[in-house]
Amino acid sequence: SGLTEVTVKQPDKNLQVSKIPQTISFTENSHIPLNCSIVNRTSQDSRVSVEWYINKPNMEQQRIVRLSHNNVFHYGDVMEEGSLKTRFQFEKPSDGLYRLVVHNANILDSGSYFCHVEEWLINPDNVWYKRAEDRSESTVITVQRPEVRLQVEKSELNFTVKEKGNFQLDCRIQSQSKQESQFAISWYLK
């Protein structure tokens, strides 16, 4: 009888993350959604780990968040600064879509963001191993202060008021930077 040779090979690496480079500008206090879309996987039974990073000029790349292949969530070291944990939100709105949302964005949030994905498979010994990895293209975010468009009606009035009499002064705002702007008004006597 003849010998039969059996060769067991690993599945092809088919992991693919959407690669659409973008450059987007936002004004301060905007909510910025950043999507990481997995468009192809090696296996439907695989697990993924997803990391979001930011690159800023003259700084090392910094990890913002990580969701491991066993669904353990971690903040990166950069998130230890101030209120970042309350402003950066990680979401999984649907299968294969992972989103980082920057709430109340400020100028310091400007930078180049990307996601890094690892695909994990289970071997015959029931041990998970990393089979593939891919990353998105960078999304360059620029956060700017809103354009100042505040205009107040200016007029010079002269009038005479009797002692202990009343008078009314009006302050009319003709245009403002944002519809939701709030104002503090002060009156001065020259």
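## Close-up views of a predicted model

**View 1. The disulfide.** Counting cysteine sulfur pairs within 2.5 Å gives one disulfide. The model shown here is predicted. Cys36 and Cys115 form the disulfide, and their sulfur atoms lie 2.0 Å apart. A disulfide is a covalent bond that joins the sulfur atoms of two cysteines. The torsion about the S-S bond of Cys36 and Cys115 is about 70 degrees, so this disulfide is right-handed.

View 2. Cys36 belongs to strand E3, residues 32–40. Cys115 belongs to strand E9, residues 111–122. The pair therefore links parts that are 79 residues apart in sequence.

**View 3. Cysteines and their accessible area.** Are Cys36 and Cys115 buried or exposed? Cys36 is buried, with a relative accessible area of 0%. Cys115 is buried too, at 0%. Cys171 is partly exposed, with a relative accessible area of 34%.

**View 4. An open sheet of four strands.** The strand order is E1-E3-E8-E7, and the pairing is antiparallel. Strand E1 (16–17) and strand E7 (88–94) stand at the edges. Each has a single partner strand, so one side of each has no neighbour in the sheet. Strands of a sheet pair through backbone hydrogen bonds, in a parallel or an antiparallel way.

**View 5. Strands E3 and E8 side by side.** E3 pairs with strand E8, residues 97–102. The pairing is antiparallel and runs over six bridges. Look for Ser37: its bridge partner in E8 is Leu97.

**View 6. Arg131, a buried charge.** Arg131 sits in strand E10, residues 128–135. Arg131 is buried, yet it has no salt bridge. Which side chain of opposite charge is nearest to Arg131? It is Asp12, 5.6 Å away. A salt bridge needs a side-chain nitrogen of Lys or Arg within 4 Å of a carboxyl oxygen of Asp or Glu. Leaving aside residues up to four places away in sequence, Arg131 touches Gln10, Pro11, Asp12, Lys13, Glu119, Trp120 and Leu121.

**View 7. The largest nonpolar core.** How many residues does the largest nonpolar core have? The count is 29. Trp52, Ile64, Tyr113 and Val117 have the most contacts inside this core. Several strands each supply at least two of the core residues: E3, strand E4 (47–55), strand E5 (62–67), E7, E8, E9 and strand E11 (139–144). In soluble globular proteins, nonpolar side chains tend to be buried together.

Definitions and conventions: Residues numbered from 1 in each chain as written. Predicted model: local features only at pLDDT ≥ 70, side-chain atom pairs only at ≥ 80, totals over all residues. Heavy atoms only, no water. Buried < 20%, exposed > 50% of the residue type's maximum accessible area, 1.4 Å probe, protein only. Pairing = 2+ DSSP bridges. Lys, Arg positive; Asp, Glu negative; His and termini not counted. Contact = heavy atoms within 4.5 Å. Core = buried A, V, L, I, M, F, W, Y, C linked by side-chain atoms within 4.5 Å.
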